[in-house]
Amino acid sequence: MWLIDSSVGRKFIMGITGGFLVLFLLFHSLMNVVVVFSPEAYNAICEFLGANWYAVIGTLVLAAGVVVHFLYAALLTVQNLRARGRDRYAVTTRQEGVSWASKNMFVLGIIIIGFLVLHLIQFWSKMQLVELTGCGDHELAADGAYWIQYYFSQPAYAIVYIVLLCALWFHLTHGVWSCLHSLGLNNKTWLPRLKTFANIVATIVVLLFISVPVYYLIVNCLG
């Protein structure tokens, strides 16, 4: 099957799953920033997206997307290392037009997976998982704004999130461009436009995410 056996097919799957994950991140960042303006509105959104059939399906689809994206990234990384052979150990000058992020996507991806695990432990396990399993504090599970304020009012957690979100920015700057490139937008006219678009999307998503821990850090310092 060409989606598995060929490098073009694997890159196509990476592009599809990557595009899906970028759209999710954009939605999630827009949702998160609501808590800065109205914790009540944020909790209302969380309630709407709580433990119901469409939320469960969405969670499963998202989890599958992450797993497929990571596995295909691992396959492409191994394929590239084998193709380079001994040349990968040679000291070379920086290639023109090749970004640092593009050469370290897999490492950045591993950092982001760690970030995802931390996020699941601190938020998802205390909110949607409690509603799904019926085990835990149901009152706090319905108050997502409380957990955001609880963690991001602690400087250590807030700074860790900000640093990890910087890794996400680097990953997205190349990832968005690579996604569109793999889906066919790859001529010379579109190439510089895609890179600019990727930088804009990555910056918007990460700034929206970072604004939340930064806000609670400032509130905590002023308070």
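## His28 and its surroundings

His28 makes contact with His119 and Phe209, leaving aside residues up to four places away in sequence. The model is a predicted one. His28 belongs to helix H2, which covers residues 7-37. The relative accessible area of His28 is 15%, and since buried means under 20%, His28 counts as buried.

## Overall architecture

The protein has 11 helices and 0 strands. Read from the N terminus, the order of elements is α-α-α-α-α-α-α-α-α-α-α. Among contacts in the protein with a separation of 6 or more, 74% join residues 24 or more positions apart.

Of the 223 residues, 33% are buried. The accessible surface of the protein is about 13500 Å², and carbon and sulfur atoms account for 70% of that surface.

## Helix H3 and the cysteines

Helix H3 spans residues 39-48, and Tyr42, Asn43 and Cys46 are buried in this helix. Viewed down the axis of H3, the buried residues fall within an arc of 95 degrees, so they line one face of the helix. An α-helix has 3.6 residues a turn, so residues three or four places apart point the same way. The other side of H3 carries Glu40, Glu47 and Phe48, which are exposed.

Cys46 has a relative accessible area of 12% and is therefore buried. Cys221, in contrast, is exposed, with a relative accessibility of 66%. The count of disulfides is 0, where a disulfide requires a pair of cysteine sulfur atoms within 2.5 Å.

## Aromatic pairs

The structure contains 14 aromatic pairs. In one of them, Trp147 and Tyr151, the ring centres are 6.2 Å apart and the planes meet at 25 degrees, so this pair is stacked. The cut-off behind that label is under 30 degrees between the planes. Trp147 and Tyr151 are both located in helix H9 (residues 144-152), 4 residues apart, or about one turn of the helix. Both residues of this pair, Trp147 and Tyr151, are buried.

The pair formed by Tyr215 and Tyr216 is edge-to-face, with 5.0 Å from centre to centre and 80 degrees between the planes. Here the label follows from an angle over 60 degrees. Tyr215 is partly exposed, at a relative accessible area of 33%, whereas Tyr216 is buried, at 6% relative accessibility.

## The aromatic cluster and charges over rings

Ring pairs join Phe115, Phe123, Tyr146, Trp147, Tyr150, Tyr151, Phe152, Tyr157 and Tyr161 into a cluster. The stacked rings of Trp147 and Tyr151 are thus both members of this cluster.

Trp147 also has a charged group over its ring: the charged end of Lys126 sits there, 5.5 Å from the ring centre.

Terms used:
Residues are numbered from 1 along each chain as its sequence is written. This is a predicted model: local features need pLDDT of at least 70, side-chain atom pairs count only at pLDDT 80 or more; totals for chains, interfaces and linings use all residues. Side-chain values use heavy atoms; hydrogens and water are left out. Helices (H or I, at least four residues) and strands (E, at least two) are DSSP runs, numbered from the N terminus. Buried means under 20% relative accessible area, exposed over 50%, partly exposed in between (1.4 Å probe, protein chains only). Contact means heavy atoms within 4.5 Å. Accessible areas come from the Shrake-Rupley method with a 1.4 Å probe; for residues, only the protein chains shown count as cover. Rings of Phe, Tyr and Trp (its six-membered ring) pair if their centres lie within 6.5 Å; planes under 30 degrees apart count as stacked, over 60 as edge-to-face and the rest as tilted. A charge sits over a ring if NZ of Lys or CZ of Arg is within 6 Å of the ring centre and within 35 degrees of the ring normal. The arc is that of the directions from the helix axis to the C-beta atoms.
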